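Here are my notes on the model, point by point. Please read them with the structure open.

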Amino acid sequence: MLFLPQWLKRSWFASLTLATAFLLIGLIVNVLELVAFVLVRPFSVDLFRRLNDYLVYLHWSVIPWLLENWCDLEFRAYGDTDGGPAFYGNKKVLAVLNHKGDCDWMLGFCLCDRFAILKHSKCLLKSFTKFVPTVGFQFYFSDFAFLRRNWTQDSAHLRKMAKTWSSYKSPFCLCIFAEGTRFTKERHEANLVYARENGLPEFKHLLLPDRKSG
């Protein structure tokens, strides 16, 4: 972890500089992605995917760096000792994540970065995220799945994306927020009622998986 003085972290100018740099890096990556899409992808989809992985990592890796060095986050990952970067970075991985708050996806970035799979990561996201400046463009070129919370439309889209993912020659990590929404007290109470009425398990810290949502 890089030591940075507290006065610097509290400076509005430093925060503005970081935000501006993050946006500029994202825009540069977008331009390079578009160039690669036009010049490389028509001749080699696999080469374009590998180039895109490294391009998005230039941008996405800023998030773990900020959390651990700017916000003083001490991130610890626990798991099977047989796993680790050497294992997960060379496999096609399905990661099922909980959605406890608005910023937990940032911790997901830290986790993926710690296991050397951040640049290979993909996710099922709400459709509007494709329009988020800089990262939405990157999500699209990285073959993320964008869901509309309409099973008729989403089921066809997921089948299409499954074919795309199965064509990948390189390893990647597919992240799914199975609960389909953020965990709140009100949603948890409603979820417990639904579970009792339908004879399903009652979870204390989780919501039942949403089978027809994103």
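1. Contact here means heavy atoms within 4.5 Å. By that rule, and not counting residues up to four places away in sequence, Ile 176 touches Leu 94, Ala 95, Val 96, Leu 97 and Leu 124. Ile 176 sits in strand E4 (residues 173-177). Helices (H or I, at least four residues) and strands (E, at least two) are DSSP runs, numbered from the N terminus. The C-alpha atoms of Ile 176 and Ala 95 are separated by 6.2 Å, although the two residues are 81 residues apart along the chain.

2. Some ground rules. This is a predicted model, where local features need pLDDT of at least 70, side-chain atom pairs count only at pLDDT 80 or more, and totals for chains, interfaces and linings use all residues. Residues are numbered from 1 along each chain as its sequence is written, and side-chain values use heavy atoms, with hydrogens and water left out.

3. The classes are buried (under 20% relative accessible area), exposed (over 50%) and partly exposed in between, with a 1.4 Å probe and protein chains only.

4. Now the helix packing. H2 and H3 pack at an angle of about 170°, and their axes are 9 Å apart. H2 is therefore roughly antiparallel to H3. Axes are lines fitted to C-alpha atoms, for helices over the stretch in contact, and angles run from 0 to 180 degrees between N-to-C directions. Angles under 35 degrees count as roughly parallel, over 145 as roughly antiparallel, 65 to 115 as roughly perpendicular and the rest as oblique. The H2 side includes Phe 22, Ile 25, Val 29 and Glu 33, and the H3 side includes Phe 48, Asn 52, Leu 55 and Val 56.

5. Look at Glu 33, in helix H2 (residues 12-39). Glu 33 is buried yet has no salt bridge. A salt bridge needs a side-chain nitrogen of Lys or Arg within 4 Å of a carboxyl oxygen of Asp or Glu. The nearest side chain of opposite charge, Lys 122, is 9.8 Å away. For charge, Lys and Arg count as positive and Asp and Glu as negative; His and the chain ends are not counted. Leaving out residues up to four places away in sequence, the contacts of Glu 33 include Phe 137, Gln 138 and Phe 141.

6. How many salt bridges does the whole structure hold? The search finds four. One of them joins Asp 143 to Arg 49, with the closest N and O atoms 3.9 Å apart. Asp 143 is in the loop between helix H7 (135-141) and strand E3 (145-147), and Arg 49 is in helix H3 (residues 45-60), 94 residues apart. Both residues, Asp 143 and Arg 49, are buried.

7. Glu 68 pairs with Arg 114, the closest N and O atoms being 3.2 Å apart. Glu 68 lies in helix H4 (residues 62-70) and Arg 114 in helix H6 (residues 104-114), so the bridge ties together parts 46 residues apart in sequence. Glu 68 counts as buried at 19% relative accessibility, whereas Arg 114 is partly exposed at 33%.

8. Finally, the cysteines. There are zero disulfides (pairs of cysteine sulfur atoms within 2.5 Å). Cys 112 is buried, at 9% relative accessibility. For Cys 71, the closest cysteine sulfur is in Cys 110, 9.4 Å away and also too far.
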